[in-house]
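Colleague: Before I plan around this model, I would like to understand how its structural labels were assigned. Could you take me through them one at a time, setting each value against its cut-off?

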Amino acid sequence: MELVFFYGTLMTPFNRTGRLRIDQHLAFQGRGFIEAALFDLGIYPAAVPAVDSRVRGEVYELTEPMMALRSLDELEGYRPGEPESSLYTRRRTQVTMDDGTLVEAWAYFYNAPLGRAERIESGDYLEHLRVR
């Protein structure tokens, strides 16, 4: 079973057109968190791996993994053949689900300079947008 972890504008409340293209290939599994730090880039957030903080998000099963990951890679600016020059990189990461179970899922990590991006201390993009 292939899983993917969304922590930003691909989460359900945003209704992004790019997400709608693959919606039929996603099966919601629940919410959880990954070990990462979250930053606000203005129009979307960026997560970078970190052991001292958590980023909350949604976990989905990919029912058509190859097709769905290809679409997601395109959306996230990830080129598998050129990871160092990609905007985001996709890698497997451990997700702690809300019920405590551990799963492995694909996640997209930001791969460009953060500049003066504001750190989202809560690690929860939805909560951050309500407060902002």
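Modeller: Let me start with a definition: a salt bridge is a side-chain nitrogen of Lys or Arg within 4 Å of a carboxyl oxygen of Asp or Glu. This is a predicted model, in which local features need pLDDT of at least 70 and side-chain atom pairs count only at pLDDT 80 or more, whereas totals for chains, interfaces and linings use all residues. Residues are numbered from 1 along each chain as its sequence is written, and side-chain values use heavy atoms, with hydrogens and water left out.

Colleague: What makes Asp124 and Arg56 a salt bridge?

Modeller: The closest N and O atoms of Asp124 and Arg56 are 4.0 Å apart, and the cut-off is within 4 Å, so the pair is counted as a salt bridge. Asp124 lies in the loop between strand S6 (118–119) and H3, while Arg56 lies in strand S3, so the pair ties together parts that are 68 residues apart in sequence. Helices (H or I, at least four residues) and strands (E, at least two) are DSSP runs, numbered from the N terminus.

Colleague: Which other salt bridge does Arg56 form?

Modeller: Arg56 also forms a salt bridge with Asp98, where the closest N and O atoms are 3.1 Å apart. That pair links distant parts of the chain, with Arg56 in strand S3 and Asp98 in the loop between S4 and S5, 42 residues apart. The side chains of Arg56 and Asp98 also make a polar contact at 3.1 Å, a term that asks for a pair of N or O atoms within 3.5 Å; within protein, one must be able to donate a hydrogen and the other to accept it, and residues adjacent in sequence count only if both atoms are side-chain atoms.

Colleague: Why is Asp124 called buried, and why is Asp98 called exposed?

Modeller: Buried means under 20% relative accessible area, exposed over 50%, and partly exposed in between (1.4 Å probe, protein chains only). Asp124 has a relative accessible area of 10% and is therefore buried, whereas Asp98, at 51%, counts as exposed. Arg56, at 22%, counts as partly exposed.

Colleague: How many salt bridges does a search of the whole structure find, and where do Arg90 and Asp73 lie?

Modeller: The search of the whole structure finds six salt bridges. In one of the salt bridges, the side chains of Arg90 and Asp73 meet at 2.8 Å, N to O. Arg90 lies in strand S4 and Asp73 in helix H2, so the pair ties together parts that are 17 residues apart in sequence. Arg90 and Asp73 are both buried.

Colleague: How do you know that the span of H2 agrees with what a helix should have?

Modeller: The expected span of a helix is 1.5 Å times one less than its number of residues. For the 12 residues of H2 this should be 16 Å, and its end C-alpha atoms are 16 Å apart, which agrees. The buried residues of H2, including Leu69 and Leu72, pack against S1, helix H1 (17–22), S3, S4 and S5. Just after H2, Gly77 takes a positive phi of about 70 degrees.

Colleague: What makes Arg19 buried, and which residues does Arg19 touch?

Modeller: Arg19, which is found in helix H1, has a relative accessible area of 7% and is therefore buried. Its contacts, meaning heavy atoms within 4.5 Å, include Phe6, Glu58 and Tyr60, not counting residues up to four places away in sequence. A polar contact of 2.7 Å joins the side chains of Arg19 and Asp23.

Colleague: Why are Phe14 and Tyr125 called stacked?

Modeller: Rings of Phe, Tyr and Trp (its six-membered ring) pair if their centres lie within 6.5 Å; planes under 30 degrees apart count as stacked, over 60 as edge-to-face and the rest as tilted. Among the six aromatic pairs found, Phe14 and Tyr125 lie 5.8 Å centre to centre with 25 degrees between the planes, and the pair is therefore stacked. Phe14 lies in the loop between S1 and H1 and Tyr125 in helix H3, so the pair ties together parts that are 111 residues apart in sequence. At 2% relative accessibility, Tyr125 counts as buried, whereas Phe14, at 26%, counts as partly exposed.
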